Number of protein chains: 4
Amino acid sequence: MPSTTPLRVAMIGTAFMGRAHSQAWRVAPRMFELPREVEMAVIVGRDPGRTDAAARQMGWQEASTDWRSAVERPDIDIVDICTPGDSHEEIALAALAAGKHVLCEKPLANTVPEAERMAAAAREAARRGIVAMCGFSYRRTPAVALMQQIVAEGRLGDIRHVRAQYLQDWISDPEAPLTWRLDKEKAGSGALGDIGAHIIDSAQWVTDSLITAVSAQLRTFVTERPVLGDSVGLGGRGAAGGERGPVTVDDAAAFTATFDNGALGVFEATRMALGRRNANRIEVNGSTGSIAFDFERMNELEYYDAADEPGRQGFRRIQVTEPEHPYLAAWWPAGHGLGYEHAFVHEAVDLVRAIDAGEPIHPSFDDATQVQRVLAAVEASAADESRLTPVEGSK
Amino acid sequence: MPSTTPLRVAMIGTAFMGRAHSQAWRVAPRMFELPREVEMAVIVGRDPGRTDAAARQMGWQEASTDWRSAVERPDIDIVDICTPGDSHEEIALAALAAGKHVLCEKPLANTVPEAERMAAAAREAARRGIVAMCGFSYRRTPAVALMQQIVAEGRLGDIRHVRAQYLQDWISDPEAPLTWRLDKEKAGSGALGDIGAHIIDSAQWVTDSLITAVSAQLRTFVTERPVLGDSVGLGGRGAAGGERGPVTVDDAAAFTATFDNGALGVFEATRMALGRRNANRIEVNGSTGSIAFDFERMNELEYYDAADEPGRQGFRRIQVTEPEHPYLAAWWPAGHGLGYEHAFVHEAVDLVRAIDAGEPIHPSFDDATQVQRVLAAVEASAADESRLTPVEGSK
Amino acid sequence: MPSTTPLRVAMIGTAFMGRAHSQAWRVAPRMFELPREVEMAVIVGRDPGRTDAAARQMGWQEASTDWRSAVERPDIDIVDICTPGDSHEEIALAALAAGKHVLCEKPLANTVPEAERMAAAAREAARRGIVAMCGFSYRRTPAVALMQQIVAEGRLGDIRHVRAQYLQDWISDPEAPLTWRLDKEKAGSGALGDIGAHIIDSAQWVTDSLITAVSAQLRTFVTERPVLGDSVGLGGRGAAGGERGPVTVDDAAAFTATFDNGALGVFEATRMALGRRNANRIEVNGSTGSIAFDFERMNELEYYDAADEPGRQGFRRIQVTEPEHPYLAAWWPAGHGLGYEHAFVHEAVDLVRAIDAGEPIHPSFDDATQVQRVLAAVEASAADESRLTPVEGSK
Amino acid sequence: MPSTTPLRVAMIGTAFMGRAHSQAWRVAPRMFELPREVEMAVIVGRDPGRTDAAARQMGWQEASTDWRSAVERPDIDIVDICTPGDSHEEIALAALAAGKHVLCEKPLANTVPEAERMAAAAREAARRGIVAMCGFSYRRTPAVALMQQIVAEGRLGDIRHVRAQYLQDWISDPEAPLTWRLDKEKAGSGALGDIGAHIIDSAQWVTDSLITAVSAQLRTFVTERPVLGDSVGLGGRGAAGGERGPVTVDDAAAFTATFDNGALGVFEATRMALGRRNANRIEVNGSTGSIAFDFERMNELEYYDAADEPGRQGFRRIQVTEPEHPYLAAWWPAGHGLGYEHAFVHEAVDLVRAIDAGEPIHPSFDDATQVQRVLAAVEASAADESRLTPVEGSK
């Protein structure tokens, strides 16, 4: 570990994402050789007692309920935004203005204009050496990173099909409570922005190609749900309570897409696919090969090489656990898989390295704004009889 | 075997489907107890030499090159149509007019008007005790039949998602030759009508619900291919030859769909998904369970029951090889799987039983006409900026 | 089909194996181009009524209850023995003496001396141009045949491990009835001879290496079972009945083995592995590759090639359904799998070709006698404190 | 986090296991609510420079090269032994004598007498409130813990079969170097003690039954390997170097086993199964159900319940990622899997809780001694013609 000054982090948010990011900041400098040490300086939440408890439990030096002062403290280098989407813009703009590097959870914002203002601020800050990154963490799941690598090497030839699904089931039960994720004000959209955003980002990144137009349908299968007194987090199943409130976001989104490389995309995001706990899947078919991933088997990648000898062809189940694979040299021997939170560790690792090197990092706020435009086009198409709707700004 | 007179079959077509149907007629009465014996009376092809050879090889009593006279022979009871789609109407109408029971390969026709005339003729013939059936054979793959049974029992609750893919890869190579299946005149459409029709039929049948509107994209990735002197059948890979001709059908079709039960459908049919040899897949998610099938593992069905005890839930891999499963009591002990052609055997079994009982059978020509209307709506939507397009005749 | 005289078959046995073999004789000449036509001449059973019914149902020209005269009829060319093991020797010797080609179900006999006499008779008959074959049908499951091919090509290098399991569960229930398969007199042994014999044969054939010694344990978990009045076939589950009789064979056999190529073998055969309906599995690990098969996914083969690029290595799931694969050119397009009974069709195909060519065929009676010696060594080892026991006749 | 004094840990060993344990001590108190805080006080290695570097990288407060003084320091509460097996006894005895709680990596020792002395010391120390645990970490992989739970609930009925394999491939290449793990002096045995010990422990724990006798074979396929100057850790592939030294341990072990509940066991441990990177598998078949696990898909458990409705039976793929599952409530939402090192976190969690509660913990040194006796019986059997050899001390 070098003798340089450590990078001090302020994290806003204490729920699911806060726990995952805390684990990342804790582990990254201990499992990877980083150019800068990391210090978990301050965690910010709304409730003083809970935030204190979170700080103690998760190992932050301080707790605060005032995000703005935390963000502006001179001893802070990195601001890590883990709040619902409606607060991203305000916090990120303040952090960038204060000269902090920013890691912002996805989706970047709840609307395209918000995202564009954030991206503009990030571009401006970049001129001052500030790094901003959006947390599409699945890019740094090793098997997805390997997928990108294989496509980038040209192994798949011309890309023809992109097939991406993100299937969950946590609100299949009509009695699942009305959390903030089901509230359009807080969350922007439902399955679309929460998990659809992930597969849009993965698909574009893996194929190095942008979605240019979409034809979409949205569905809300359960339109009213039990209200909770204080609904934070992913919520439980079958919460009781007499009062019901309206679900104002989509339960599911489905769309076909055109890519600027000519590929045909099919996307589906839903929280209502019973039995599919977290089936974040992407498959790409090209003219010389195919590749497929399912997060439910996150340490595996299926790879088909049409150049294999006839009669010996088949999808190879690569266990993405080898030192040759992205991020894996820092971990365990081959065959000893990683888990969900490791992608956040890798995110932290790459961010620290980018900050130290003064280099840009992806997904940038511009990348994330493009995802936001796809989300907007999906909503526009769904509202316009599924008409094929161009993604704003695409050629 | 009863002492009644046997049912005598005339089969038109000698290629891939002809071979599969021959195997069905040969095996059905020997593995199942049928109320009527079956005789493979006459096979009809275009080329006399080849048809003679086919008759000998496949075990037909006679060979003929004159379909019309074969169809009108008084000693024929069943006409089995295994030709490309452009000839279905003429043959079927002649057969029905001659009082023959008809089994017609899918898709029923190349256009909706053709299909409607065939369906009208079949309805009229039904009044005379004539049975007509369209060969959506996958319905009678035991795992698909079990899927239908489980849904019909109400195990899945309200249906929310239908996810159907039919992925093949036999023309991924741009040098794959220009067979009749790539010629709109002969085939009507490409992946859409050939394999998309199968998953449309399965999805509607399994869910007992009809597609009411679609939003679609079609793609032809390889627009010219080598011409063969005499291209019949599925063709080989990388056939040589200097001359090239235009591909006039789609290589791939993708569409989202609305069902009359409120479900959201996502469909994809392609012949360009490298490594997916015959991935005919369907998954249905309901409010109390899910079920999934992939023909590449045709003897398995994945079934998720949300009523299973928490912590013990998961997709069950049912080996659909038990005496309790559809059609299986006639075959082997549990765990001894069936193959592709067995669905055709079951088709023959059910057809013979329906004829003997004087009862209608499904998929009827009406069922198949409805599929044809979905195909037409897909093409219309794709030609109209993917606009959500109602399926003709749906409520 | 050639103009030569057909080969006429007499089949002894009407139960499960009789049905499978009937299907084979029926289908082989129609799906494959054979040098000789096949005629299903006569089926022989014990009960006249049932045998008549079986003949009609399965399509045999005649029924008989006198195996000896059927075997000696001058118009019979092939005798197909599908009876329990205690009658194999007598029938086979009579058939060979009468100059008939013989297909005998496995295990070849119930004891080594019986097998040796049969093998001696077969060797003698071979000098008169007579062909004898033992029905280890799994060799002709395409994926197993491909496995053998890949090993024979040297792709796996030096063989180190052979891991073979045959797991069934049809008598897990203590109330499953006492069929002939649980009677040592009829069946010779239990899981060992019935299904253990299959994996011994496959392992030796695939690796082209013989088992030289074994160290074994046998188990009978359920020692008494309900007696049926007339127990033939695989029996049902939970048959009722007050009387109970002793199970005189093993429910399960497990042994380690040495091979003459230095490999270490681990074998397990059981009828008590709940949920494993017919998991006939074999895996071979060599110094440069591995290969694995599970009959429950009979159209797949897992192949690992250590020469694949580092970071891109993994077991390939080969769908053994391509024209390049053994026996597949005669069947359907890639991705359209076969079923259990197809191995019997391939057995018939190869036997007819061998007879026509006047060439020997495998598994020969000698091959099957060697399997019998392994079975005997397993029983001897189990009776002698699991001591490593040489297989008689091995170097 | 409570205000009690923290538990201070001294860890001996800096290699693979040292890294895994460091991650465990770091993460356990942050992701779980523990009754005592944990401090990573001192790490002990042989080389001063490397140990300093390890302390910095892995986050230990101090580095030392003197294990004895580290173990005896009054400020140390827990001694964590991550060295090769030949040093376990000396360190553990010193630590227990000094009144420290001990976590010792597996196998507990290189010989039964060593293990017995350690177990005796642990029993004696237990009377003083000292806790000792052996690091069979796979017990705390959630899917294995769930497996144990399901069996303990009686869901499987009478246990009949235990089928356990631990397949690796890291020394398949004859050029893989001669690490300490291939040296009998250091490692005690090869695949047998390293990975065979794991499946022996899992099998006995999951079934709550002890192995009473074994019949075994051992193999060393590659008898000489390149010598490295300083071979620590798992080693790389194909290390160069002219000099070669003898491999003094087994590459593979295979044995059948009897359990005190009557079950038949089949075990195999190898480092030569190409393509199997870390296939730590166990399957248990009982009279009413079955259960199977493969570490290569460590977040899944296959469960078959014979009480499921006929025709709806099948192995359920349980994603062991739900709050209902062992250890999972502390982690992520359902479907977000864990990785290899999480089992070590759980080990640390349970150890801290046991220390705080003053309660014994498993696997105890007695449990581990029993595993050691099985290992000894395997070696004795292999040296005695595979004769079925009783496990010392078993009834």
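Q: Into which domains is chain A divided?
A: Keep in mind that this is a predicted model. Chain A splits into domain 1 (7-138) and domain 2 (140-338 + 371-389).

Q: How many residues of domain 1 of chain A are in contact with domain 2 of chain A?
A: In general, the size of an interface is often given as the accessible area lost when the parts come together. Here we can go by contacts: 18 residues of domain 1 of chain A touch 24 residues of domain 2 of chain A. Helices α1 (16-31) and α5 (112-126) of chain A each provide at least two residues of domain 1's side. By class, that side of domain 1 of chain A holds twelve nonpolar, four polar and two charged residues. As for spacing, the C-alpha centres of the two domains of chain A are 24 Å apart.

Q: Over in chain B, what is the strand order of the open sheet?
A: Strands of a sheet pair through backbone hydrogen bonds, either parallel or antiparallel. In chain B, six strands pair in parallel, in the order β3-β2-β1-β4-β5-β6. β3 (62-64) and β6 (132-135) of chain B have a single partner strand each, so one side of each lacks a neighbour in the sheet. From one strand to the next, the twist averages 20°.

Q: How many bridges join β2 to β3 in chain B?
A: Three bridges link β2 (residues 38-44) of chain B to β3(B), and the two run parallel. Look at B:I43, for instance: its bridge partner in β3(B) is B:A63.

Q: Which strands of chain B does helix α4 touch?
A: Helix α4 (residues 88-97) of chain B packs on the sheet, touching β1 (7-12), β4 (78-81), β5 (101-105) and β6 of chain B. The direction of α4 makes about 170° with that of β5(B).

Note on methods. Residues numbered from 1 in each chain as written. Chains lettered and ligands numbered in written order. Predicted model: local features only at pLDDT ≥ 70, side-chain atom pairs only at ≥ 80, totals over all residues. Pairing = 2+ DSSP bridges. Helix = DSSP H or I, 4+ residues; strand = E, 2+ residues; numbered from the N terminus. Axes fitted to C-alpha atoms, helices over the stretch in contact; angles between N-to-C directions. Contact = placed C-beta atoms within 7 Å. Domains from an automatic or database assignment. Nonpolar A, V, L, I, M, F, W, Y, C, P; charged D, E, K, R; others polar.
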